[in-house]
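Please look at the sequence and the structure shown below, and keep both in view while reading.

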Amino acid sequence: MNCMFNHSSEKVMKQPSAASKVDQQQQPEYSTEGDRENPEQLSGTVKTLSKFSSDPIKTDSSDFLYKVFQNNKENGEVKQMHKISLFPSSAPRSDEKTDSEDSFLSRATVIKRPAEDSFEDETSKKQKPSTPTRLLPKSVLNPPTTVQERMRYLKNAHESLKSKLRNKDDQYCVNLAVKLELEAAKSTTSKNVYERALKIAIYKIRSEDSPQGTPSSSESSQPVSKIDDPDWVIPKLSKLMAPKNKLKRNSFILQIPPPYDGHLSKKVMQCSHCGDDFILGEQMLHDDKCVYHPERPKLTKQVALANSRYNNSYNTRTYPCCNTTIDDATAGCATLKHHVYKLEDPIEMHHKIPFIFTADRNVDYLAVGLDCEMGWTSFGFELIRVTVVDFFTEEKILDTIVQPLGKIIDLNTKFSGVSEITDSNSVSFKKTRDLLFNVINRQTIIIGHGLENDMNVLRLIHTKIIDTSILYSTHYDPKRKDPLRLLVSNFLNRKIQSGEHDSMEDALACIHIIKHKILERYT
């Protein structure tokens, strides 16, 4: 008697079944090594064999399998047997078996035994249902804000989506809100840009309140953004316009100045570059060398090695134009033949070039972005380029080089982007203002940064002004306004003015900031 079967039969005899009466005879030599090591597997086999024969071990394998097939066939199904590997696939079969029987027997006898001591029933393996997404922000490498703030934005996004997608269930809105919030968080490290990106993404989701298959706002598959709708935008822009008292405090000219009753040519002026004094009437008569630094010194903060913190004793002020400190720098690194100046008194400005009100013509543009570039001439700080961009289409509608009224001293190319002015590439100052009045009138909203400089060099009186330096500067002092590149970095998360200033780039940047603030407040 094979010891393997003895162990197996002893376990079977513990239960009242026909398998306990198995005659202890010599077993065939087809048992595998795995059977000897795992005798418990034979107990199940013996129970199965006993159903069809009182002496299952002596039963021929083909006859036994045929009985199993017939039994399952009568019950209306053919069950796959997972534990018939006891019988080799080479067991003799009768030639009278049908093709379907052969297919069943072949399938039943070629099943491989699992690896050692691993007999897990595959039918018991059930796929676990997917866990529904929870309304929680997912982690990102460089989050734009705190988890608490992201959770607040996520909840707001979820509520907005539920109100827009009323035909969808709550779980769909949760999944979409989490996805949109994650994409916005990955796109930037700036909180302002993150908030704007999330709001725009939610706004672009088409509402399903309209009939199925019909876009909510137009016949196109994508809705028209509200920011491009003048009827929706103009009232919002009107609320952003600076009141007259703020315009006056920020050096805007709101009335025609009285005439100048002195002799401006005899006035002593201070050079805007080097600081030397000179008589205005003699500015162009002598070649007085003006030695100066084209760029203002900047504070460079250095870390103290002792405590790894900023220490004032280590800070230095450096000229970016020549990369020298104030202590080591000479009088300047650039030279001009003549001194330059900028008139500040409105009466003196009006005496040189008169101010006028914006013309009241019929124009097609309700809001525009405007930026001017200036240079130094014998008339002071003059207009040399003007650019106007439509607020809604963001297309350039005017861009021209201006021939100044005075003699050119310095075109200020690094900051103006204008390197040369000739009769062929420029128009006169009077013609420039006439062209400007073809695209703006007194009702046009003008958007820009530090527009008091632009309006003053244009000698233009206009009251419908949106100035980003007034709206969003962190300094109350009008002379300490945040530069445009800082606002663009904070609100739009991009860099501008990396090289020469471009009036088109500056005008578009102001428009983008205002659009960002409108979407932030009203959507």
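Ser 426 is found in the loop between helix H12 (413-416) and strand E13 (427-428), where helices (H or I, at least four residues) and strands (E, at least two) are DSSP runs, numbered from the N terminus. The model is predicted, so local features need pLDDT of at least 70 and side-chain atom pairs count only at pLDDT 80 or more, while totals for chains, interfaces and linings use all residues. Residues are numbered from 1 along each chain as its sequence is written, and side-chain values use heavy atoms, with hydrogens and water left out.

Is Ser 426 buried or exposed? Ser 426 counts as buried because its relative accessibility is 13%; buried means under 20% relative accessible area, exposed means over 50%, and partly exposed lies in between (1.4 Å probe, protein chains only). The side chain of Ser 426 makes a polar contact with the side chain of Gln 403, at 3.2 Å, and also reaches the backbone oxygen of Thr 422 at 2.5 Å. A polar contact is a pair of N or O atoms within 3.5 Å; within protein, one must be able to donate a hydrogen and the other to accept it, and residues adjacent in sequence count only if both atoms are side-chain atoms. Leaving aside residues up to four places away in sequence, Ser 426 touches Ile 401, Val 402, Gln 403 and Ile 421, where contact means heavy atoms within 4.5 Å.

**Two further residues**

Glu 452 lies in helix H14 (residues 451-458), and with a relative accessible area of 11% this residue is buried. Which side chain does the side chain of Glu 452 join through a polar contact of 3.3 Å? That partner is the side chain of Lys 481. Not counting residues up to four places away in sequence, Glu 452 touches Asn 250, Ser 251, Phe 252, Asp 467 and Lys 481. Along the chain, Glu 452 and Asn 250 are 202 residues apart, yet their C-alpha atoms are separated by 7.0 Å.

Ala 331 is found in the loop between strand E6 (324-325) and strand E7 (334-336), and Ala 331 counts as exposed, because its relative accessibility is 62%. With residues up to four places away in sequence set aside, Ala 331 touches Val 291, Tyr 292 and His 293. The C-alpha atoms of Ala 331 and Tyr 292 are separated by 6.2 Å, although these residues are 39 residues apart along the chain.

**Packed helices**

Two packed helices are described by the angle between their axes and the distance between the axes. Axes are lines fitted to C-alpha atoms, for helices over the stretch in contact, and angles run from 0 to 180 degrees between N-to-C directions.

The axes of helix H6 (residues 147-164) and helix H8 (residues 191-204) come within 10 Å and cross at roughly 15°. That angle makes H6 roughly parallel to H8; angles under 35 degrees count as roughly parallel, over 145 as roughly antiparallel, 65 to 115 as roughly perpendicular and the rest as oblique. H6 passes H8 in a right-handed crossing, and a crossing is left-handed if the near helix is turned anticlockwise from the far one by less than a right angle, and right-handed if clockwise.

The axes of helix H16 (residues 484-492) and helix H17 (residues 503-522) also come within 10 Å, crossing at roughly 40°, which makes H16 oblique to H17. H16 passes H17 in a left-handed crossing. Among the residues that make this contact are Leu 484 and Phe 491 of H16 and Ala 509 and His 516 of H17.

H8 and H17 pack at an angle of about 65°, with their axes 10 Å apart, which makes H8 roughly perpendicular to H17. The contact is made by Asn 192, Glu 195, Arg 196, Lys 199 and Ile 200 of H8 together with His 516, Leu 519 and Glu 520 of H17.

The table gives the residues of each contact by class; Ala, Val, Leu, Ile, Met, Phe, Trp, Tyr, Cys and Pro count as nonpolar, Asp, Glu, Lys and Arg as charged, and the others, Gly among them, as polar.

| H6 with H8 | 7 nonpolar residues | 1 polar residue | 5 charged residues |

**The chain overall**

There are 17 helices and 16 strands in the chain, and buried residues make up 41% of its 523 residues. Among contacts between residues at least 6 apart in sequence, 65% join residues at least 24 apart.
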